[in-house]
Amino acid sequence: MQYIAFDLNDEQFAIETLKVINISDIMKITKVPLAPKYIKGLINLRGNVVSILDINVLLGKDEKNSVYNSIIILNSDNELFGITVNDVIEVFDVKDEEIQKVGGDDHKKEYAKGVVYRQNDVITIIDIDKLLSHILNN
């Protein structure tokens, strides 16, 4: 399966390319008053209003005043949404047997399919459907 890897506050993550609709440079995000903390705001993408999620909040991470350079637009169950990332790194192939389970008490493991090792990096593969399901059920 193919994944797209990205940097998020000095860690690397990946999402299935099948879920990716578009990758764009960062653009103006309009804040939504009284929105949950995990909603950064909205963007207008070619006439479509798209919610931008703060993946740091969803993964239980500190934002660390990061500079976001890209927005990855994703589709899950015909719902478009975006996440801001520091940088998109690469698209790569991984066989299911290369994905190792996540251990420990880390909050992000709820949404992780596992981790893969590439060169000297550990990349956490995020199950975007689980992540969205958790949001919608809370």
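Tutor: What follows starts with the overall layout, goes to the core, and then takes up the contacts and turns around it.

This is a predicted model, in which local features need pLDDT of at least 70, side-chain atom pairs count only at pLDDT 80 or more, and totals for chains, interfaces and linings use all residues. Residues are numbered from 1 along each chain as its sequence is written, and side-chain values use heavy atoms, with hydrogens and water left out.

The protein has two helices and 10 strands. Helices (H or I, at least four residues) and strands (E, at least two) are DSSP runs, numbered from the N terminus. Their order from that end is β-β-β-β-β-α-β-β-β-β-β-α. Of the 138 residues, 43% are buried; buried means under 20% relative accessible area, exposed over 50%, and partly exposed in between, with a 1.4 Å probe and protein chains only. Among contacts (heavy atoms within 4.5 Å) with a separation of 6 or more, 53% are between residues 24 or more positions apart.

Now the core. A nonpolar core is a set of buried Ala, Val, Leu, Ile, Met, Phe, Trp, Tyr and Cys residues joined through side-chain atoms within 4.5 Å. The largest one has 21 residues, and Phe6, Ile15, Leu74, Ile83 and Ile126 have the most contacts inside it. Two or more residues each come from β1 (2-8), β2 (11-16), α1 (55-58), β6 (70-76), β7 (79-85) and α2 (128-136). Another core lies apart from this one; its nine residues include Ala14, Val116, Ile123 and Ile125.

Leaving aside neighbours within four places in sequence, Ile126 is in contact with Phe6, Phe13, Ala14, Ile15, Ile55, Leu59, Tyr111, Ala112 and Leu131. The whole structure holds two aromatic pairs. Rings of Phe, Tyr and Trp (its six-membered ring) pair if their centres lie within 6.5 Å; planes under 30 degrees apart count as stacked, over 60 as edge-to-face and the rest as tilted. The Phe6 and Phe13 rings, with centres 6.1 Å apart and planes at 25 degrees, are therefore a stacked pair.

Phe6 also touches Val88, whose other contacts are Ile4, Ala5, Ile23, Ser70 and Ile72, not counting residues up to four places away in sequence. Val88 belongs to strand β8 (residues 87-93) and is partly exposed, at 29% relative accessibility. Between the C-alpha atoms of Val88 and Ala14 the separation is 9.4 Å, although the two are 74 residues apart along the chain.

Charged pairs come next. Side chains of opposite charge can pair when their charged atoms come close. Three salt bridges turn up in the whole structure, each being a side-chain nitrogen of Lys or Arg within 4 Å of a carboxyl oxygen of Asp or Glu. In one of them, the closest N and O atoms of Lys113 and Glu16 are 2.1 Å apart. Here Lys113 in strand β9 (residues 112-118) is linked to Glu16 in strand β2, 97 residues apart. Glu16 is buried, at 12%, whereas Lys113 is partly exposed, at 25%.

The side chains of Lys19 and Asp129 form another salt bridge, at 2.8 Å from N to O. Because Lys19 is in the loop between β2 and β3 (20-25) and Asp129 is in helix α2, this pair ties together parts that are 110 residues apart in sequence. Lys19 is buried, at 18%, and Asp129 is partly exposed, at 29%. Arg118 and Glu90 also form a salt bridge, with their closest N and O atoms 3.1 Å apart. This pair joins strand β9 to strand β8 across 28 residues, and Glu90 is partly exposed, at 27%.

Last, the turns. Strands β4 (residues 39-45) and β5 (residues 48-53) run antiparallel and are joined by six bridges; two strands pair if DSSP finds at least two bridges between them. Gly41 has Ile52 in β5 as its bridge partner. The two strands make a hairpin with two residues between them, and Arg46 in the turn has a positive phi of about 50 degrees. Asp10, in the loop between β1 and β2, has a positive phi near 65 degrees and is exposed, at 72%. Leu34, in the loop between β3 and β4, has a positive phi of about 65 degrees and is exposed, at 90%.
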